[in-house]
Amino acid sequence: MAGVTVVGAGVIGLSVAHELAGAGHRVRILAAQDAAASTSGVAAAIWFPHDVQRSGSVLDSAAVTYKRFEELAGDPRTGVAMRAGTVLSRRTDADHSWTRAVPHHEPADPAGLPGGAGGVRCTVPLIQTDVYLAWLRAEVEARGVEIRTAEVRSLPEDCDAVVVAAGLRSAELLGDDDQAYPIRGQVVRLANPGLTEWITDEDNPEGLAYVVPRRHDVVCGGTGEAGSWDRTVDPEVEAGILRRVTALVPELAGQPILSRGVGLRPARSTVRVEAVPGHSRPVFACYGHGGAGFTLSWGDAARVAALIGAG
Ligand SMILES: Cc1cc2nc3c(=O)[nH]c(=O)nc-3n(C[C@H](O)[C@H](O)[C@H](O)COP(=O)(O)OP(=O)(O)OC[C@H]3O[C@@H](n4cnc5c(N)ncnc54)[C@H](O)[C@@H]3O)c2cc1C
């Protein structure tokens, strides 16, 4: 087959395929698992550049993605909604550089926050991952992209160009990268007692905490264990998460547990979006999005499309 082969059908591979097909390329996706079964299916997911370096290009991609999700929020079939919430900060030197990608934000009123904490209130896209990933896959297929289930062991030869968007396994496929690593994230999903606002608390002295209410549940996290490949749910870790989130949002106390999850964020010293030299045909990398794959998805997909050019 000629055209472009994208390896990976997580949020990154699907977004890249969408943009390439839109630019006139014939596109095929090869993926071992669909998005729901990959890290993308575990994400909370709100727009926020968590566990990723906040360089100028990352914040540019985050801003592009914010705008695209804001448009998608106008269509309830996408599973995207704009939701108000609070980014808590317990440190005086907290990095608020991300606010430049957010049109509406203001200092949070400390009266409603845990003692001594400050924060930023803002409205950001909330992506209901199960609905959104199914919608995105259908959009990609409607653009003529073939999605095939296949474990790729070496880069395909039967195409004009390859995009490696295989999350955490991208580095081993390319064989030229020793900077990728997992950051383990565990979540527990509770019944929603009627919450609509999200809250994140990255500097909580007891550990990372966030509460992201969705239509039928509330995603509660979390953990950020760099280097851990363990995908099993740890009951002790879960007990810690429940302690932290109920301290933040007391309405969660006693809510039934609906499901649990662990995902390995595909982290890297820097997000890798570039042409990869040394192959017999053009090869492009798009991975290493850490805890911000949804947040950067449309911006980085557009970067890949720009690198490859029109079809
Ligand atoms: C607990 C948790 C909470 C998160 N919350 C958020 C959030 O609120 N906001 C946000 O923006 N991000 C969040 N993230 C991060 C986000 O989930 C990731 O950055 C994103 O899912 C990465 O997408 P990806 O497509 O690169 O990788 P993945 O979703 O892992 O997809 C990789 C794809 O490549 C395929 N693949 C891999 N190897 C091969 C191979 N050899 N052959 C064929 N196919 C292969 C897989 O089968 C899969 O289809 C969170 C992550 C976790 C774990």
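**Salt bridges, a helix and a pocket**

Guide: The side chains of Asp93 and Arg91 meet in a salt bridge, at 3.1 Å from N to O. A salt bridge here is a side-chain nitrogen of Lys or Arg within 4 Å of a carboxyl oxygen of Asp or Glu. This is a predicted model, in which local features need pLDDT of at least 70 and side-chain atom pairs count only at pLDDT 80 or more, while totals for chains, interfaces and linings use all residues. Residues are numbered from 1 along each chain as its sequence is written, and side-chain values use heavy atoms, with hydrogens and water left out.

Visitor: Does Asp93 count as buried or exposed?

Guide: Buried means under 20% relative accessible area, exposed over 50%, and partly exposed in between (1.4 Å probe, protein chains only). The relative accessibility of Asp93 is 52%, so this residue counts as exposed.

Visitor: Which residue forms a salt bridge with Arg90?

Guide: Arg90 lies in the loop between strand E3 (80–89) and strand E4 (105–107), and the partner is in strand E9 (residues 198–201), 111 residues apart. Strands (E, at least two residues) and helices (H or I, at least four) are DSSP runs, numbered from the N terminus. The closest N and O atoms are 2.7 Å apart, and the partner is Asp201.

Visitor: At which residue does helix H6 bend?

Guide: The bend at a residue is the angle between axes fitted to the seven residues ending there and the seven starting there. Helix H6 covers residues 293–308, and its bend is about 35°. The residue in question is among the buried ones of H6, which also include Trp298 and Asp300. The bend is at Gly299.

Visitor: How many of the 16 residues of H6 are buried?

Guide: The buried residues include Phe294, Leu296, Val304 and Ile308. H6 is mostly covered, and the number buried is 12.

Visitor: How much space lies in the second largest pocket?

Guide: On a 1 Å grid over the protein atoms alone, a pocket is an open set of points where a 1.4 Å probe fits, with protein on both sides within 12 Å along at least five of seven lines; lining residues have an atom within 4 Å of a point. Grid points are joined across faces, edges and corners, and a volume is the space filled by probe spheres set on the points. For the second largest pocket, the value is about 290 Å³.
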